[in-house]
Structures are given as structure tokens and as C-alpha cells.
Amino acid sequence: MTLLFLAPLIWIAAAVPWVILHSTIGTRHRRTTLTAGLIFTLWFTWFLVTWLGMPDAYPAPLCKGNVPPWWPSFIPG
């Protein structure tokens, strides 16, 4: 729910680097701008989802070693 509430701010925070990249190197090096923008956007998305989407009580006390009891033993957890 936090991610949904913060979606407009997240969008602005992700759009600002694209604007900066386009205004600085975007006119001469389009591929570099696109690559840097995509890498930043993927990193930023990963960071927000793992930081804001992680519950405070992780790891859960029911899952010893962060492996649920129903998880098969032949698959590494």
C-alpha cells in the first residue's frame, strides 16, 4: 500500500534523472543516455520494492532459516 501511495513521488524521482541525462548527454550520445537511464530506473525500482515492500517482521518466526515448512528439501531455499 505504501508503494501505491507514493507512486506519484516515485514517478517524479525516476523521471528527474532521465531529464538530466537527456539535457546533458542525450543530444550527442543517445545509446549511452538510454542505457544509463534504463539501468538507473531498474536499480531504483528494485531498491524501492525491496526497501518499502519488505515487512518489518522479516524473517518470519514461523520459517526457520527463512525456509517455509512446506518447501521441498531437494530444492535449495
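Thr-33 sits in helix H3, which covers residues 30–52. Helices here are DSSP runs of H or I with at least four residues, strands are E runs of at least two, and both are numbered from the N terminus. Thr-33 counts as buried because its relative accessibility is 6%. Buried means under 20% relative accessible area, exposed means over 50%, and partly exposed lies in between, using a 1.4 Å probe and protein chains only. The model is predicted, so local features need pLDDT of at least 70 and side-chain atom pairs count only at pLDDT 80 or more, while totals for chains, interfaces and linings use all residues. Residues are numbered from 1 along each chain as its sequence is written, and side-chain values use heavy atoms, with hydrogens and water left out.

**Around Thr-33**

- Which residues does Thr-33 contact, leaving aside its neighbours within four places in sequence?
- The contacts of Thr-33, with those neighbours left out, are Trp-18, Leu-21, His-22, Ile-25 and Gly-26.
- Contact means heavy atoms within 4.5 Å.

**The whole chain**

- The protein chain has three helices and zero strands.
- Along the sequence, its pattern reads α-α-α.
- Of the 77 residues in the protein chain, 9% are buried.
- The protein chain exposes about 6700 Å², and carbon and sulfur atoms supply 74% of that area.
- Accessible areas come from the Shrake-Rupley method with a 1.4 Å probe; for residues, only the protein chains shown count as cover.

**Confidence**

- The protein chain has an average pLDDT of 80.
- A pLDDT of at least 70 is reached by 81% of the residues.
- pLDDT is the predictor's confidence in each residue, on a scale from 0 to 100.
- Among the elements of the protein chain, helix H1 (residues 2–5) has the lowest mean pLDDT, at 76.
- Helix H2 has the highest mean pLDDT, at 87.

**A nonpolar patch on the surface**

- Which residues form the nonpolar patch on the surface?
- The members are Leu-9, Trp-11, Ile-12, Val-16 and Ile-20.
- Together they have about 550 Å² of accessible area.
- Patches are made of residues with over 30% relative accessible area and no salt bridge; like charges are joined within 9 Å, and nonpolar side chains (Val, Leu, Ile, Met, Phe, Trp, Tyr) within 5 Å.
- A salt bridge is a side-chain nitrogen of Lys or Arg within 4 Å of a carboxyl oxygen of Asp or Glu.
- Leu-9 belongs to helix H2, residues 7–24.
- Leu-9 is exposed because its relative accessible area is 57%.

- How many aromatic pairs does a search of the whole structure find?
- The search finds three.
- In one of them, the rings of Phe-40 and Phe-44 are stacked, because their centres are 5.6 Å apart and their planes meet at 15°.
- Rings of Phe, Tyr and Trp (its six-membered ring) pair if their centres lie within 6.5 Å; planes under 30 degrees apart count as stacked, over 60 as edge-to-face and the rest as tilted.
- Phe-40 and Phe-44 both lie in helix H3, four residues apart, about one turn of the helix.
- Phe-40 is partly exposed, with a relative accessible area of 26%.
- Phe-44 counts as buried, at 14% relative accessibility.
- Trp-43 and Phe-47 form another stacked pair, 5.5 Å centre to centre with 10° between the planes.
- Trp-43 and Phe-47 are also four residues apart in helix H3, about one turn.
- Trp-43 counts as partly exposed, at 44% relative accessibility.
- Phe-47 counts as partly exposed too, at 30%.
- Ring pairs link Phe-40, Trp-43, Phe-44 and Phe-47 into a cluster.

**Across the sequence**

- Ala-13 lies in helix H2 and is partly exposed, at 33% relative accessibility.
- Leaving aside neighbours within four places in sequence, Ala-13 is in contact with Phe-40 and Phe-44.
- Ala-15 and Thr-41 are 26 residues apart in sequence, and 8.7 Å apart from C-alpha to C-alpha.
- Leu-48 lies in helix H3 and counts as buried, at 9% relative accessibility.
- Leu-48 and Leu-3 are 45 residues apart along the chain, and their C-alpha atoms are separated by 8.1 Å.
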